[in-house]
Every structure is written in structure tokens, then in C-alpha cells.
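The following note comments on the two-chain model under review.

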Amino acid sequence: MSGQWGFTTSRPTDARYGDDVAKYAMSHGEPGLKTFVREVLQNSNDARLDNDQPARVTFKLESLEGDEAIEYLRALDIDTWSEHAKLATDTESGKHIAEAIKRIKDDEKIRILTIEDQNTEGLLGEENADESNFTALVRDVLFSSKSGDTAGGSYGLGKAVLWLYSGLSLVMFNSTLSEPDPKDQSPRLIGRTRLPTHKSEDGDTVYQGHGWYGGLNGDEEGARPESIWGEEAESIADELQLSRPDGPGTSIQVVDFRVPTAEERLEDEELADQITEMAIEWFWPAIYRGDLEVAVEVEGETKQASIDEYPQYEPFTSCLDDRVDSVSQLDEPGDVAQAAISLDVPEKNDGSGGADTQLDLLVRRADTGEYQHRNEVAFVRGAGMVVEYYDRDRVVVGNQDFHAVLLGGRARPWGTDESPRDEDTTVEEFLTAAEPPQHDEWVRTETLANTYSRGFRTAVEGIKSDVTETLRGLVAPDVDRGTTGPQRLGNRFNIGNESRGGRSDRESPSSQRVTGSTNISFDEVYTHWSFNGEVEPLSDQNEIRAVTVSLIRMAEERATSDRLPVQNISSDTAGVSISLPEQNGVQVGRLEPAPGTSKISFEGVSTEDHRQVETRLKVSVDVAERRDE
Amino acid sequence: MIDNRFLAGERELTEDDLGPYLQPLGRSIDLSPIDERIEEIRADDDIDAQDSLIDAELAPTLHRTLDLTRNEAADAGLWHYLCVVRFPEFVHYRWDHVFDPESPGNMEEKFLGAGTDAYSNALHRIWWGAELTYEEGESGEVEDRDYSRTKQVLRFQELANDVLDHDFARYIPVTHACGDLLCHDTLNEIKEEGTYDDPPSNSNIVSRTTTLLREELTVRRVEMMDDDDIVETIEELRDDVMRREAGWS
């Protein structure tokens, strides 16, 4: 006996299925090969057995032709399948299946992609279990039963994606279980197709569209075929080119593999290269940690996906390698600095969890020639997949180029001897809940809203701005790090600009030594700018020697060399001498206080300005050690 | 690998040297028209080495031959390959004067700049210069495109730099207006009319006008302005500059 197809019947009044739901779930963004590779690897990565061995995943690409193809299709019971497919292709949503069938006939060739994983759990669970690997992968749509709350995938889209990439919407499974099944012997073989809802030729029977390939118990119309086991499964798997090596894991075969959005079909070799690179691009953390191995096999030739062959990802792995030797300032290319990104995880609705803790940010200064993913931050949690490359190009004007990794949850201590703490697991759960079905960012999700109490939104949305702020401090082009005053001040108050570029007689830029506030606004009545401000040294040991106020024109978020003259400036601080000298031909305001003055305030106006374009206040302050009177 | 010896033209890098870093574009383009055009330019007695005329003369051929989408052109790697492996001699011919072993950055960016920086890379700048300034012909065919504005812009180094180095000019109506209103031909014509007593040099006019325009755009959104408004704004600023009333600092 070999396997055969059976289609679930439904009543004419039941819901009908057109196209695959996954297509809609995935249709935001671009469901190219990236989605497929990410989802498939994530499935295997999550199902890894709890031992020291990696999950090993091999993508095997084959094109079957001639007799081989005929044999294969016969083993697949294609005749029964075709009868249904023919009925289904009459429907609008069955069009792409009709196209695929035509293409296979024209080319006399069928491409199959088999994804074989090893050292993973396998399709555990009874045929009709409520929740199991088996039902999640083979039976359900958009349900998840990943072990634990922190698996990489927690929506079950991973499975749905498989059918989307099959031109025939047909996927076969063969699995060796990691725990012996009470009744049956591994392997376990089953297939599934998702056709649109269709009617039998006489119109009497409505088929729901979901079909299974397996063994039929009895000949009840509409019964669902069940898994085939043991030797029989082995022999069918052999005919389907779906045999497995010993050891637990699952082989998934996508029949007539295609990339749904691709403009043209890629050659096998090229497809293999793309799969390999995407595996590295998105899973270098898991591969680097030894939790995952990925290989691609084309025409019997296997190529291991190795980070060494994709040097563009080495800057990221170097962040982890060199974390123990991290420095406080990124002086040289290759230097790695680390910083904490605080995260206040709110309690869950049931009162559990909650932690005021952190993610760790590793930043590595880029070397010349390291262009790819430059100025990007790889967001990673314990699952070992890069959730997102967060582009922070030009985070500050003229920044040093860098590569960075943000390690969250159980990934936080990677690169050190530490083990994850309880708080890290709390974060891991929180971040998992913050991933949408595509697992490609950390945002406010429904899961998050349903699970956590107030504060989750601030927590998750604050991550990116904290990362940006922290990066600014590390990769700013100038040496003035450290105290820069409050954010508002940073925008308006360009203290210390003048000390850039070589005035070496100063001990340090004045931005490290003063604080204060400024304000500038346009006065419509007098058609000029009014400004005021207040500055004081940070240290009691220091006093202010002079304050120079100029008005700079902006363009494209940068200061130009244009200045608007200061018409007048005054100060209510006692003993300040005031002048309006010219600097590069433009009048500026200058305040020179009496010895011993710490805080100084001022106000003034510009000359008339009919252009009214964006103008900012620049305040340069000379600070020196307090003189004895 | 891009060290001083390479930047000084003492060492070559071949496809073999760079093999591990090269990725196929996914289609093949015959670059021989560009080779031929470079030959012609080098043979032309009216064009000196390192002259910005070189950019102007090469632009139509380069842009027609490299018929890329903007998306493809945004891939810095493509331009790195073209400059480092395929046309390093051209880069030296055009830019050798900027090489300074003490600060090699200026020369390095002629080979390695690109991406969102349309100013630096030797070929990328020509391509974008053309992309932002050409006019589509009636037929829509590549051969039918009009590159006269492109030539006007690229042969005038100050104008080309101001247009390519700033974000405002990535908006086609602005680029076209700048090209038409600030090129040598237009400025010389105005000067000949004698309307302004003592107008500044053309380079100064361009540099000053584009700075004022950038300042203007801090309070106006260029995408909300209609084309006439853009032209009028630039004309007014230019005339202020020519009258020397534009707040010279």
C-alpha cells in the first residue's frame, strides 16, 4: 500500500477558503526568499533538542526530470491530487496553481526543495492532539505550540509559509521522533495540500480544500488520511526522495518550490547562494554560538553555510569575540565598547514577572572596507536570530562608522562568562511578545497588550531611542563626550563648538564644563529674533571668563557658515562688561563677567531679519579655574 | 586593501584579488562604450586631465550605458567595483590632483564613496549628475534622451558640487531649475546684459545662491512648491546675490 490523498468535506454552508491565509499575513513587506529562510530556520532552531549538539539544517534543491519525475509524481499519488486541483483551479484563487501545473508540464521538470533538520524534536504528538509539534506544523493554521514562551517563532506562521512557497501548495513531511511513540515506529510520513474550497464534478460534495496524504483507515468519504509510520513510511519516503538519516528531526519537502514574489525563476545555484547568505545574515548569532548549522545541497554537492565565507558579518561576531576586551572610547578601528540599554519590563497582568533591568549594546568601530550593514545595529535575543538590522546611518553628523549588536534577554551575557539571570528570562519573554508574526521588530503587539500591564508601550518603544542616544555618545566625531547637559540643551546650545579643531591651550571642551539653558524665538512685531539664556560652570572650582553669543543659519539640519548679526545684548548679572565685536565680519554679543562670577544670564535681539529662515543660538563659553580675589 | 599605494596608482586590484567580496549584479552590461568614450576624451586636445569637462563629456555615455534603476545605483558596491577594478585609470586621470599621502581620504572617497553620497565617488557622481538633470525624449528611448543640461552642470565644478552634495537637489524640479538658472551660459548672458554693476564670479554666485536656497528650505517644503515657484525663488535669490545684497559674511 502506498499513501493517498484525502480531502476533508464540508457542508455547503461552511466557511470557504480561497487563497492561503499566510499570504495575507505575510503580504506586508516583501515576502521574498528572506521570509522563507527566516521562518524555516526559526522552526528548526526552536525545535532543537536540549543537548550540546547544534540543530543541523540542510536545504536540498533538486530538479526532477523525465522518468525520475514521473516516478516521483506517481509516488505522490498525483492523479488523485490533480482531480481535486482541477476542480479548484476553476476558482479565481486557484489560478496560481493552474499556472504552476502548466509550467511543470511545459518544462517537463519539477523543482523540489527538501529541508532536512537533525537533532530536533521531530513531529511529536498524536494525530489529533490538541497541541503538539505535529498538529502545529501539519494541521493547524496560525496556531503555535512552541515549547516555552521564548521560542523564536510564537505565532505559527513559520508553517504557513511552507505552502506559500510551493507552486502546487503541497508539502510533504517525514520525521524521526525524538521520543518513542507509544504505538508506532519512526519515521512518520504525511503530506498536506491547501487548495481553495471546491466542489466535486457533480456539484454534490463540497471539499474544504485541505487535503492530506497518508494512510486511510476505512473508506469513509471525507475522512482525513493519517500519518504512515515505520517501514512503510521509509519505503514511500525513499520514492519521494525524502529519506532521512538516523537520529531525530524532520524533513520537509516543498513540492514545486518557487519564490512567490520573484520576477523570474532563479537557477538552482543562485538560489542556493541566496539561501546560504540569508542563513548567515539572519542566523549568524545561532551559528556563531554553535546552536545551529546550516548547509545547502545542490545536485548532491553540499556546502556548509560558514560565517568565514561572508566576511561582511564578521564585524558583528567580532563584537562578541572582543567584548571581554571592551574599551570606553572607540579610538581605533576594531575597538569594541559596551553600554547598557535600560528596560523596565512591567508586570504581567497576573502580577508575575516585571524587572527593571537592561539589554547590552556592543558597538564596534568599523574598519575601512567594511561597508555592508555599516552603521546598523543587529537586534538579537536568546533565540539567536537577528530580529532586525536597525539602520543608524548618520546618527550624528560625521559619526565614526560602526557595527553594533543589541543583546536582549537570554542573549544579554553572550561574549562573557556570565549565565543569563532571571531578569534576562523576563526580558526574553517580553521581547518575544513584542515581535509581530514576522518576528522582524520589537513593537507594541496585541500579545504584549494582552499579557502585560501598563508601561509595556514605553518600555518597548524606548529601546530604539535609547540605542540611538547611546550610539551618539559612542560614535560622535568629536571628543566631547561625557556631560552634555539635557537633551534640549544639546539641540539649541552649541556650547563648545569653537574649541573643536585644534585649540590645544584648553584643557577640555567647554561642553564638559558648563550647563545652562537657552531660548530663541522670532518676534513678528519687530521682525527680529529674541533670545535669552543662562550658563554656569558644572564645577564649583571653575568660573566663567567670557561668553560669546552668535546667531547661526541652518540648512539641511546643519549649521551653515552664515551668521545673522546680534543687534543688542544685555545681562542682569552684576559686573558684566558687554561688547558687540565682529567675528568674521558679523556682529556677535560678548559678555565678560567680573572675577568670581559663576552663573551668568543674558538676553538680546538680532538685527532685522526679513528672511526668517531657521536660526539658532550658539553660545561659546570660556571657563577657567576660579581665581582668588 | 585600498591603501596609499593603490591610491597613488602604484598598485592594481584585480577581480581575483577582490574575488571574495564581489557579488554578481544579476545581469550583464557591456561597458565597452564607456571605454571607447574615455579613450576619445583622453585623445581630445581641448580637454585637459583633471578637468571637470571630463565628467560632462563622459556623462551621456556613462548614463546611457549603465541604464540602472535608482535602486541599483544606490548599491555602493557596484561603484566600488567600477572604480577600483574596472576604471581605476579613469579615476586617476580625473582626480589624481586630490591625492595626498598624508590625508588619503579625499582620494579614497573617489573610489569608495557612493550610496547616499552622490558627491564623492568618481563615476557615481557623473551618473547621478546625469540622472538628476537629463530630459527624457519623446520616444522614451535611451538614445533619445537630452543631456544638454547634464553637460552644463557637470562642466561647472562648483555647480556640480553644490547640486550633488546637498539633499535639496535630489528633488528633480529643483535640480533642473538650478541647472538652468545657474549654469555658465545663463550667468554669462545676464552679465553681458549689464544689469548688475559688479556681479561676483560665477562660482561665487552659485555657491552663495545654493546656500541661501538651502537656508530658505528650512522653513519651506520644496515638495509643496509648484515648479514656477521654485524657479522664481531661485531667480530672486540669484539676483540678490548678483546685486551683492545677499548678506555676504
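**Notes on the predicted model**

1. What, then, surrounds the side chain of Asp77(A)? A polar atom of that side chain lies 2.9 Å from the backbone nitrogen of Trp5(A). Once neighbours within four places in sequence are left aside, Asp77(A) is in contact with Gly3(A), Gln4(A), Trp5(A) and Tyr213(A). Asp77(A) itself is placed in the loop between helix 3 (66–75) and helix 4 (78–89) of chain A.

2. The overall composition of the two chains is as follows. Chain A contains 14 helices and 27 strands, while chain B has 15 helices and zero strands. Of the 629 residues in chain A, 53% are buried; for the 249 residues of chain B, the figure is 48%.

3. In chain A, 71% of the contacts between residues at least 6 apart in sequence join residues at least 24 apart. In chain B, residues 24 or more positions apart account for 68% of the contacts with a separation of 6 or more.

4. Turning to the interface, the size of such a region is often given as the accessible area lost when the parts come together. Here the area buried between chain A and chain B is about 1600 Å², with carbon and sulfur atoms giving 43% of it. On the side of chain A, Tyr371(A), Glu556(A) and Arg611(A) lose the most area to chain B, together 33% of what that side buries. The contact draws 20 residues from chain A and 18 residues from chain B.

5. Which polar and charged interactions cross this interface? The rule finds three salt bridges between chain A and chain B, as well as five residue pairs in polar contact. One of the salt bridges joins Arg611(A) to Glu216(B), with the closest N and O atoms 3.6 Å apart. Strand 19 (542–555) and strand 20 (558–564) of chain A each supply at least two residues of the side that touches chain B. By class, that side of chain A has six nonpolar, seven polar and seven charged residues.

6. Within chain B, Leu58(B) is a residue of helix 4 (residues 53–65). Is Leu58(B) buried or exposed? Its relative accessible area is 0%, so Leu58(B) falls under the 20% limit and counts as buried. Apart from neighbours within four places in sequence, Leu58(B) is in contact with Ile34(B), Arg37(B), Ile38(B), Ile41(B), Phe90(B), Leu123(B) and Ile126(B). The C-alpha atoms of Leu58(B) and Ile38(B) are 6.9 Å apart, although the two residues are separated by 20 residues in sequence.

7. Helix 8 (residues 105–112) of chain B has Met107(B), Lys110(B), Phe111(B) and Leu112(B) as buried residues. An α-helix has 3.6 residues a turn, so residues three or four places apart point the same way. The cover over the buried residues of helix 8 includes helix 1 (4–7), helix 6 (76–86), helix 7 (88–95) and helix 9 (122–131) of chain B. After helix 8 comes Ala114(B), whose phi is positive, near 150°.

8. Two residues of chain A other than glycine have positive phi values. For Glu108(A), phi is near 50°, and the residue lies in the loop between helix 5 (95–107) and strand 3 (109–118). For Asn375(A), phi is about 60°, and the residue is found in the loop between strand 13 (355–365) and strand 14 (376–380).

9. The bond from Ser186(A) to Pro187(A) is cis, with omega near 0°. Pro187(A) lies in the loop between strand 4 (170–176) and strand 5 (188–194) of chain A.

Conventions. Residues are numbered from 1 along each chain as its sequence is written. Chains are lettered from A and ligands numbered from 1 in the order in which they are written. This is a predicted model: local features need pLDDT of at least 70, side-chain atom pairs count only at pLDDT 80 or more; totals for chains, interfaces and linings use all residues. Side-chain values use heavy atoms; hydrogens and water are left out. Contact means heavy atoms within 4.5 Å. Buried area is the accessible area (1.4 Å probe) that two parts lose on being put together, summed over both. A salt bridge is a side-chain nitrogen of Lys or Arg within 4 Å of a carboxyl oxygen of Asp or Glu. A polar contact is a pair of N or O atoms within 3.5 Å; within protein, one must be able to donate a hydrogen and the other to accept it, and residues adjacent in sequence count only if both atoms are side-chain atoms. Helices (H or I, at least four residues) and strands (E, at least two) are DSSP runs, numbered from the N terminus. Ala, Val, Leu, Ile, Met, Phe, Trp, Tyr, Cys and Pro count as nonpolar, Asp, Glu, Lys and Arg as charged, and the others, Gly among them, as polar. Buried means under 20% relative accessible area, exposed over 50%, partly exposed in between (1.4 Å probe, protein chains only).
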